[in-house]
Amino acid sequence: MAPSPPHVCVVAQQWDERMQALDGVRFGNLFGSPVLDHHWPESTGLNGQLREAILVHERASPGAALTNVGGWHSETGTLGFCGQAGKALVQRIMAMTNEATARLYADHDTPVAALDWTLSVWANVSRRGAFNKMHTHPGATWSGVYYVDSGDSDPAAEGTAIHLTDPCPTRSGSFFPALTASNILFKPTPGLMILFPSYMPHTVMPHNGDGARISIAFNVRKEPFP
């Protein structure tokens, strides 16, 4: 066996000395992205009302083609076509927005002042094969989704998940790939609401369930923006 290069022992000795000198070092993470998810309790009745109103409106409205490929995307507004159920969901959206914002400010040791928000909401209905292309929501602060129906008759099914992707695409491929997730999946469970920064790329794979996957997506914009 060939002898080790003479500099190896010197490097080891220098490393030991550095470790002693680094006893007071600080270690943290920069440029993280906040995400809030919450399963709203007692949502069965509300989801039933939302589902009925959305399917009725789908039959009456041609919908829009934006990031959705196939499926139905309602007009953007505040869910007026869902009546009182729509108003109840808007209250949940704003509660999540205020909670996420308060936690974000607290994480930066900064008191949060009262903020003004502009809200945009729309409904999505996806049947087998429909999907959403990778996209972000420029011009907004927070974005999110609420699940009304997973589109699967079997509660144990994996469902068609939303993929949230690292906004820094080079990170997962070049910096400790084994420790870095390039995307995180959320199973579409009825009653689940997810809130994330609008700059975060996200996509939904082709729906493979046996029923209509119904979700409500939204953008919340801080005023003045940004």
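How many aromatic pairs does a search of the whole structure find? The search finds 1 aromatic pair. The model examined here is a predicted one. In the pair, the ring centres of Phe175 and Phe176 are 4.8 Å apart and the ring planes stand at 90°, so the arrangement is edge-to-face. The cut-off behind that word is an angle over 60 degrees between the planes.

Are the two partners of this pair buried or exposed? Both Phe175 and Phe176 are exposed. For Phe176 the relative accessible area is 52%, and this residue counts as exposed because the limit for that class is over 50%. Phe175 and Phe176 also belong, together with Leu179, to a nonpolar surface patch of about 390 Å².

Phe176 sits in the loop between helix H4, residues 171–174, and strand S8, residues 183–186. The backbone at Phe176 is also worth a look: its phi is near 45°, a positive value in a residue other than glycine. Phe176 therefore brings together an exposed position, at 52% relative accessibility, and a positive phi.

A positive phi is also found at Leu79, a residue other than glycine, where the angle is near 60°. Leu79 lies in a loop too, the one between strand S3 (72–73) and helix H3 (83–107). Is Leu79 buried or exposed? Leu79 is buried, because its relative accessible area is 2% and the class covers values under 20%.

The next backbone feature is the cis peptide bond. The bond from Glu223 to Pro224 is cis, with omega near -5°. The bond from Phe225 to Pro226 is cis as well, with omega near 0°. Where in the chain is Pro224 found? Pro224 is in the segment that follows strand S11, which runs over residues 213–223. Pro226 is found in the segment after S11 too.

The remaining topic is empty space. Rolling a probe the size of a water molecule over the atoms shows where such space is left. The largest pocket has a volume of about 610 Å³. It is lined by 23 residues, and those closest to its centre are Asn29, Gly32, Asp166, Arg171 and Thr180. Two elements give two or more residues to this lining, namely strand S7 (162–165) and S8. Which element gives the largest share of the pocket lining? That element is S8, with 3 residues. S8 is also the strand at one end of the loop that holds Phe176.

A cavity is treated apart from a pocket, because a probe that fits inside a cavity cannot get out, whereas a pocket is open. How many cavities of 30 Å³ or more does a search of the whole structure find? The search finds 1. The largest cavity has a volume of about 40 Å³. Its lining includes Asn68, Gly70, Gly71 and Trp72. Asn124, Val125 and Ser126 are also among the lining residues, as are Ala130, Phe131 and Asn132. The elements that give two or more residues to the lining of this cavity are strand S4 (116–126) and strand S5 (131–135). S4 supplies the largest share of that lining, 3 residues.

How values were computed
Residues are numbered from 1 along each chain as its sequence is written. This is a predicted model: local features need pLDDT of at least 70, side-chain atom pairs count only at pLDDT 80 or more; totals for chains, interfaces and linings use all residues. Side-chain values use heavy atoms; hydrogens and water are left out. Patches are made of residues with over 30% relative accessible area and no salt bridge: like charges are joined within 9 Å, nonpolar side chains (Val, Leu, Ile, Met, Phe, Trp, Tyr) within 5 Å. Accessible areas come from the Shrake-Rupley method with a 1.4 Å probe; for residues, only the protein chains shown count as cover. A salt bridge is a side-chain nitrogen of Lys or Arg within 4 Å of a carboxyl oxygen of Asp or Glu. Helices (H or I, at least four residues) and strands (E, at least two) are DSSP runs, numbered from the N terminus. Buried means under 20% relative accessible area, exposed over 50%, partly exposed in between (1.4 Å probe, protein chains only). Rings of Phe, Tyr and Trp (its six-membered ring) pair if their centres lie within 6.5 Å; planes under 30 degrees apart count as stacked, over 60 as edge-to-face and the rest as tilted. On a 1 Å grid over the protein atoms alone, a cavity is a set of points where a 1.4 Å probe fits but cannot get out, and a pocket is an open set with protein on both sides within 12 Å along at least five of seven lines; lining residues have an atom within 4 Å of a point. Grid points are joined across faces, edges and corners, and a volume is the space filled by probe spheres set on the points.
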